Every structure is written in structure tokens, then in C-alpha cells.
Amino acid sequence: MAKELRRSGMKGNIVGLDISVGMLQRAFETECYSSVICHDLDNDLPFTSAKFDIVTCCGATEMLSNVDHFLAQLRRMLSDDGEAWITFQYKTDSPNPIAHQGMKEYSKSEIERMMTRNGFELLNFTVTQEAYFLPSPTDKSKLVAIPFAMVRAKALKNNK
Ligand SMILES: C[S@@+](CC[C@H](N)C(=O)[O-])C[C@H]1O[C@@H](n2cnc3c(N)ncnc32)[C@H](O)[C@@H]1O
């Protein structure tokens, strides 16, 4: 993500968070991040309020135990009118293909409700049916597509 932001001309500070030191090491080696911090996103974020203009979260909400708490923390970190760009594993009519790995999925209305109650206004909601592929839990010779929702949302004023 930071690489794309730099490629598109972003000059400001970019701070990367992950629970994995190995992932942070790889991120740091791209030389796109101003700093990287090892942190469990299920805990309060280690920043003062209203510090960031944009937060991005790609491919992580499905692993968190309390997404509501995470979204409230994102809102707290963002300046008013700041933006959150977040992916969610998207719930379809089929059973969750990676429930056995503890991954959580969310429907459009669940995502909308979570964003709204945590102080965001949805600006854009896009679904890709094939965000990535994993071996099927029932037949390892087959791959299953994992659908993702990509959300762009604005942090509403007076809602920290
Ligand atoms: C699918 S990868 C996505 C990595 C990166 N965001 C990207 O788009 O390339 C999911 C990442 O979430 C991290 N992760 C999982 N649970 C986490 C948690 N509780 N707190 C912080 N990071 C977590 C993993 O270490 C992993 O790097």
C-alpha cells in the first residue's frame, strides 16, 4: 500500500502497523514507510487523537476479534474529514470458505452499520469476488476465491 501511495506522489509520513515483525521488516525494506510499529490491532492504537489524514487497512479486519473497537480507534486517530480505506472479507450466500481458519466475513449492511456507528460516512463500497485464492477446506486440490469489500469512508466531525 505504501509503495502505491509513494508511486502516486504521496510525500507525507506513512506509518505501518502489523503484529508480525517479519512483515514489518519487509515493509521497512521498501523504504516507503517513515516508521513501522509492532502492534496488535485488537488493542488501542498507540497514537494521539486526530493525528492522521488517511488510514488504510488491507486484508486484516477478517482476523480481528473486535472490528467495532478497531473502527472506533481508527476514527479517533483521524482528523475530521480524514479518510479510512479498509477491506473486509465479504459475506456472500455461500458458506464462509475460510471460517475454519477463524476468518470473519461481513455483509454490506453489517459493514455499513459498523462504519456508521463508529463515526464514518461511506463514500464508496466496491466488491471484488476474487480478491485472492486459497485451497478449498474440503478438497485441497481445488482453489476457492475469497471475495473482498473495499470501503472508502469519511470521518465525521465531532464523533471521536
Ligand atoms: C493478508 S496480510 C495483509 C498484509 C498487508 N496489509 C498487505 O496488504 O500486504 C494480513 C496481515 O495482518 C496482520 N495481522 C493479523 N492479525 C493482526 C492483529 N491482531 N494486529 C495487527 N496485525 C495483524 C498479519 O500479520 C498480516 O501481516
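**Figure legends: overall fold, sheet and nonpolar core**

**View 1. Overall fold of the predicted model.** The protein has 4 helices and 6 strands, where helices (H or I, at least four residues) and strands (E, at least two) are DSSP runs numbered from the N terminus. Along the sequence, these elements follow the pattern α-β-α-β-β-α-β-α-β-β. This is a predicted model, in which local features need pLDDT of at least 70 and side-chain atom pairs count only at pLDDT 80 or more, whereas totals for chains, interfaces and linings use all residues. Residues are numbered from 1 along each chain as its sequence is written. The C-alpha atoms fill a box of roughly 45 × 35 × 30 Å, taken along the principal axes. With 160 residues, a compact globule would have a radius of gyration near 15 Å, and the 16 Å of the protein agrees with this; the radius is taken over C-alpha atoms, and the globule rule is 2.2 Å times the number of residues to the power 0.38.

View 2. Four strands form an open sheet in the order 3-4-6-5, with mixed pairing, two strands being paired if DSSP finds at least two bridges between them. Strand 3 and strand 5 (120–135) stand at the edges with a single partner strand each, so one side of each is left without a neighbour in the sheet. From one strand to the next, the twist averages 10 degrees (axes are lines fitted to C-alpha atoms, for helices over the stretch in contact, and angles run from 0 to 180 degrees between N-to-C directions). Strand 5 and strand 6 pair in the antiparallel sense over 12 bridges, and Thr 126 has Met 150 of strand 6 as its bridge partner. Helix 3 packs on the sheet, where it touches strand 3, strand 4, strand 5 and strand 6, and its direction makes about 150 degrees with that of strand 4.

**View 3. The largest nonpolar core.** This core, a set of buried Ala, Val, Leu, Ile, Met, Phe, Trp, Tyr and Cys residues joined through C-beta atoms within 7 Å, has 26 residues, and those with the most contacts inside it are Val 55, Leu 74, Leu 78, Ala 84, Phe 88, Met 115 and Val 151. Two or more residues each come from strand 3 (52–57), helix 3 (67–77), strand 4 (78–89), helix 4 (108–117) and strand 6 (143–155), and the largest share, 6 residues, comes from strand 6. Of the 160 residues of the protein, 24% count as buried, that is, with 20 or more other C-beta atoms within 10 Å of their own, C-beta atoms being placed from the backbone.

**View 4. Surroundings of Ala 84.** Leaving aside neighbours within four places in sequence, Ala 84 is in contact with Val 55, Leu 74, Leu 78, Phe 120, Ala 153 and Ala 155, contact being defined by C-beta atoms, placed from the backbone, that lie within 7 Å.

Technical notes. Buried ≥ 20, exposed ≤ 12 C-beta atoms within 10 Å, placed from the backbone. Contact = placed C-beta atoms within 7 Å.
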